[in-house]
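Here are my notes for you, point by point. Keep the structure open while you read, and look up each residue as you meet its name.

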Amino acid sequence: MLIAVASGKGGTGKTTVATNLASSLTGLTGKIQLLDCDVEEPNAHIFLKLTDKNVQPAHTMVPAVDLDKCTCCGACDEICQFSAIAQFGNAILTFPEMCHSCEGCVMVCPEDAISKSSRQLGEVIRGEVNGIDLIYGSLRVGEAMSPPLIDRVREHINPEAITIIDAPPGTSCPVIAAIRNADFVLLVTEPTPFGYNDLVLAVETVRMVGLPFGIVVNRHDVGSSIIHDYAEKEGIPIMMEIPDRRDIAEHYARGVMMCDVLPEMKEKFQSLFNDIKIGVRD
């Protein structure tokens, strides 16, 4: 089963839900994976206390032009929608940072003058801690595009495991790359005007890609009933509510997951998983 945890904005508790859900399931079911696809600023490893790491460089394809073969026909320039390869008079220039690695330029070149090269996007880090197989990406500083690195992280999905994906915040391309083909999406929000505004955008995004989803309300007892009113109007299930409690906040500030020290919260996350299974079957 593939469960994605997403949110319309940062700071709502997305990683809190992802890490606590993964930790609460260890020992109750089969293999547990947690993929932190928030590659621009991964932090799941901080809460899981990962120390023994396997670090591998991650690369993506970029074109390399053999100028001795190139006739400057312009086919590569015409097919590239991102201006990563362009013709200027009798010269062909490449801009690797803009390349989306679609390989279109390689396929259309009539002279076989374009070959596949690569450049490093960042790193994929892997390790096991407390029965959880944790994989996360760390994007290279200055890198403009995160989806290719998210794809490298997702290559480690084990179809026989319960896999939880901590998606990037927002509703743009990195989120789509992270949540695609998920069996269920949890949208984490908070009962504030900002939380509501970005939740609406997240709901539109998930509906657009046709995935089943539900809402987790963090700090549900602050703010107003705006999230509940919206969920009722739209027919969206609220899967779980996390209270605004000082002890939870104190543990979080120390990097301690609530499910490890508060038995009632661990039971809530286990119940959340059971409800997700029902939602997937429905």
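**Notes on pockets, cavities and a helix pair**

1. Let's begin inside. The lining of the largest cavity is made up of ten nonpolar residues, two polar and one charged. Here Ala, Val, Leu, Ile, Met, Phe, Trp, Tyr, Cys and Pro count as nonpolar, Asp, Glu, Lys and Arg as charged, and the others, Gly among them, as polar. The largest cavity holds about 80 Å³ of space. It has 13 lining residues, and C70, C73, C76, C109 and I114 are the closest to its centre.

2. Before going on, a word on where this comes from. The model is predicted, so local features need pLDDT of at least 70 and side-chain atom pairs count only at pLDDT 80 or more, while totals for chains, interfaces and linings use all residues. Residues are numbered from 1 along each chain as its sequence is written, and side-chain values use heavy atoms, with hydrogens and water left out.

3. Now the terms. On a 1 Å grid over the protein atoms alone, a cavity is a set of points where a 1.4 Å probe fits but cannot get out; a pocket is an open set with protein on both sides within 12 Å along at least five of seven lines; and lining residues have an atom within 4 Å of a point. Grid points are joined across faces, edges and corners, and a volume is the space filled by probe spheres set on the points. By this rule, there are two cavities of 30 Å³ or more.

4. What about the second largest cavity? Its space comes to about 40 Å³. Its lining consists of A6, S7, G8, G170, T171, V175, L187, A202, T205 and V206. By class, that gives five nonpolar, five polar and no charged residues. Helix α7 gives the most to this lining, with three residues. (Helices are DSSP runs of H or I with at least four residues, strands are runs of E with at least two, and both are numbered from the N terminus.)

5. The largest pocket has a volume of about 540 Å³. Of its 29 lining residues, G11, T12, G13, T16 and Y252 are the closest to the centre. Sorted by class, the lining has ten nonpolar, eleven polar and eight charged residues.

6. The second largest pocket has a volume of about 190 Å³. Find T60, H100, S101, M145, P147, P148, D151, R152, C173 and P174, and you have its lining. The elements giving two or more residues here are α5 (147–154) and α6 (173–179); α5 has the largest share, four residues. The classes are five nonpolar, three polar and two charged.

7. Next, look at T192, in the loop between β9 (184–189) and α7 (193–209). The side chain of T192 reaches the backbone nitrogen of G195 at 3.0 Å. T192 and L48 are 144 residues apart along the chain, and their C-alpha atoms are separated by 29 Å.

8. Last, how do α7 and α8 (226–234) pack? Their angle is about 25°, with the axes 10 Å apart. Axes are lines fitted to C-alpha atoms, for helices over the stretch in contact, and angles run from 0 to 180 degrees between N-to-C directions. The two helices are therefore roughly parallel (angles under 35 degrees count as such).

Conventions
Polar contact = N/O pair within 3.5 Å; in protein donor to acceptor, adjacent residues only side chain to side chain. Parallel < 35°, antiparallel > 145°, perpendicular 65-115°, else oblique.
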